[in-house]
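Please read the points below with the structure open beside you, and check each one against the residues as you go.

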Amino acid sequence: MTFRASARPGAEFRVPLPRVFWLLFTGVLLNRLGILVPSFLALFLAAESGIGPGVTGILVGVWGAGSVAGSLAGGVLADRTGARGAILVSQFTAIGACAVLAAVDRPAVLGVAAFLAGCASTLHKPAGTVVVAQALPESEHVRAFGLLYWASNIGAAISPAVSGFLLSASGYWLVALNITTALAYAGLAHRLPGPRPRAEAAPKGAADVAGAADVAGDGGRETLRGLLAPFRSPATAWFLALSFCLAAIYLQKQSALPLDMKAHGLSSQVYGLVVSLNGFLIITTQPLVSRLTRRLAVDVQFLCAAVLVAVGFGANAVAAVPWAYAAALVVWTVGEMLLVPQASAFLVRHAPPGRAGSYQGAYGFVWNLGLVVGAPLGMAVLQTWGSAALWTGALLLGLSTAAAHALTMLRTRRRARPDRHDTP
């Protein structure tokens with residue numbers, strides 16, 4: 001596994017980003033502002049469809065399955081149709097799904113709509129990777145991905161307040177918000193690049209033989225090869241496995257953490273205030289964190305991110321009051337800010353030409369899979385052995401992931417070191 005730092009680490013934050021990037025930035029912010037997330041999907045269904053909580057829970061689960069599938073499909077779609085095509089498909093899928101959710105109350109039809117809404121929530125994300133890979137030099141990738149991550153979190157911070165206000169008036173206003181932002185993002189997408197010519201996208205070397213060979217082919221076989229390529233390349237497969245481990249820890253914030261805080265006598269309002277600190281920190285400090293850490297090698301940042309996530313969630317084992325949970329959150333949020341932009345940049349560097357979207361889609365897949373697997377596992381450990389066992393386990397898994405990154409880093413640097421016994 002090879003980690004390569006930016007070609008010009010001192011050049012970040014000096015080169016103006018192109019107009020096409022800011023179109024994408026605006027679209028990501030609008031999309032995250034208006035997207036129908038699971039919590040508000042559940043509230044909308046309860047208010048407007050009249051179905052029971054059991055069916056609502058199933059539909060939310062179906063939405064989650066759609067989001068997992070959308071990550072993989074979106075990567076292949078972005079590679080084959082370009083960023084513009086992938087975003088247009090995702091946004092019009094979201095519009096259609098919302099229209100069905102607003103007009104139909106049959107559970108089977110709602111299930112199809114919920115699955116499509118989940119797909120649309122992640123289908124467009126790999127397209128951003130394609131834009132960055134095509135429009136920016138490698139030295140600007142971390143900066144660009146950090147800004148996209150920042151835009152998403154700005155939208156995520158505003159969305160609950162706006163969605164809650166609209167839902168209190170009528171659930172259909174919530175649907176109208178989603179459709180409006182989807183149309184706006186689709187309009188911006190018309191000005192993004194389309195697919196590159198086949199010859200331009202063809203691989204031009206053997207730096208990653210396993211992945212580059214997958215560019216050839218057509219039809220269904222090419223699609224399958226595109227989906228499997230990131231998992232067949234040793235460098236990216238190992239990175240994706242470690243990312244899954246961190247996702248299973250990190251996404252406990254959405255499952256076991258609120259239950260643990262409730263068990264300590266803290267209300268849901270306190271949980272909301274504590275977790276909102278995550279978005280506040282990202283909005284206010286993400287560009288600064290990227291600037292301060294830009295000279296660190298990529299492998300060092302991955303190592304630090306794993307340690308911070310491990311220690312941050314492990315600290316919950318001794319937390320019992322709001323300030324203690326908040327202090328732990330600050331630690332793992334810094335780890336998140338180190339990890340996310342560098343992960344996208346790493347995958348772009350290791351993707352063969354024409355496969356950047358598929359590689360980013362694979363990362364979204366394993367990240368969402370971390371919630372699918374980690375959430376029930378974490379809650380089972382919490383209910384069976386208690387919070388101390390859960391958070392100690394998270395600490396040990398995170399430190400093991402960090403150790404794996406450290407060993408990989410040492411092995412890579414040892415291989416890169418000239419043999420002192422060699423003679424000219």
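1. Helices (H or I, at least four residues) and strands (E, at least two) are DSSP runs, numbered from the N terminus. Counted in this way, the protein chain has 17 helices and zero strands. The model is a predicted one, in which local features need pLDDT of at least 70 and side-chain atom pairs count only at pLDDT 80 or more, while totals for chains, interfaces and linings use all residues. Residues are numbered from 1 along each chain as its sequence is written, and side-chain values use heavy atoms, with hydrogens and water left out.

2. How much of the protein chain is buried? Of its 424 residues, 52% are buried, where buried means under 20% relative accessible area, exposed means over 50%, and partly exposed lies in between (1.4 Å probe, protein chains only). The protein chain exposes about 18200 Å², and carbon and sulfur atoms supply 68% of that area, as computed by the Shrake-Rupley method with a 1.4 Å probe. Contact here means heavy atoms within 4.5 Å; among contacts between residues at least 6 apart in sequence, 83% join residues at least 24 apart.

3. Two packed helices are described by the angle between their axes and the distance between the axes. The axes are lines fitted to C-alpha atoms, for helices over the stretch in contact, and the angles run from 0 to 180 degrees between N-to-C directions. Helix H1 (residues 19-34) packs with helix H5 (residues 125-135) at an angle of about 165°, their axes lying 10 Å apart. H1 and H5 are therefore roughly antiparallel, since angles over 145 degrees count as roughly antiparallel, under 35 as roughly parallel, 65 to 115 as roughly perpendicular, and the rest as oblique. From H1 the contact takes Val 20, Phe 21 and Leu 24, and from H5 it takes Gly 128, Val 131, Val 132 and Ala 135. These residues divide into six nonpolar, one polar and no charged, in a scheme where Ala, Val, Leu, Ile, Met, Phe, Trp, Tyr, Cys and Pro count as nonpolar, Asp, Glu, Lys and Arg as charged, and the others, Gly among them, as polar.

4. Are H11 and helix H14 (residues 298-314) roughly parallel or roughly antiparallel? Their axes come within 10 Å and cross at roughly 25°, which makes H11 roughly parallel to H14. The crossing of H11 and H14 is left-handed; a crossing is left-handed if the near helix is turned anticlockwise from the far one by less than a right angle, and right-handed if clockwise. Phe 239, Leu 246, Ile 249 and Tyr 250 of H11 meet Phe 302, Ala 306, Val 309 and Phe 313 of H14 in this contact, which has eight nonpolar, no polar and no charged residues.

5. Helix H12 (residues 256-263) and helix H13 (residues 268-293) pack at about 130°, with 9 Å between their axes, so that H12 is oblique to H13. The crossing of H12 and H13 is right-handed. Leu 257, Pro 258 and Met 261 of H12 make the contact with Val 270, Tyr 271 and Val 274 of H13, and by class there are six nonpolar, no polar and no charged residues in it.

6. Which residues does Thr 236 touch, not counting residues up to four places away in sequence? Thr 236 belongs to helix H11 (residues 234-250) and is buried at 0% relative accessibility; on that count, it touches Pro 230, Phe 346, Leu 347, His 350 and Tyr 359. Thr 333, found in helix H15 (residues 322-350), is likewise buried, with a relative accessible area of 0%.

7. Ser 67 lies in helix H3 (residues 53-103) and counts as buried at 5% relative accessibility. Leaving aside neighbours within four places in sequence, Ser 67 is in contact with Gly 118, Cys 119, Ser 121, Thr 122 and Asn 368.

8. Ala 315, in the loop between H14 and H15, is partly exposed at 28% relative accessibility. Ala 315 and Thr 392 are 77 residues apart in sequence and 8.4 Å apart in space, C-alpha to C-alpha.
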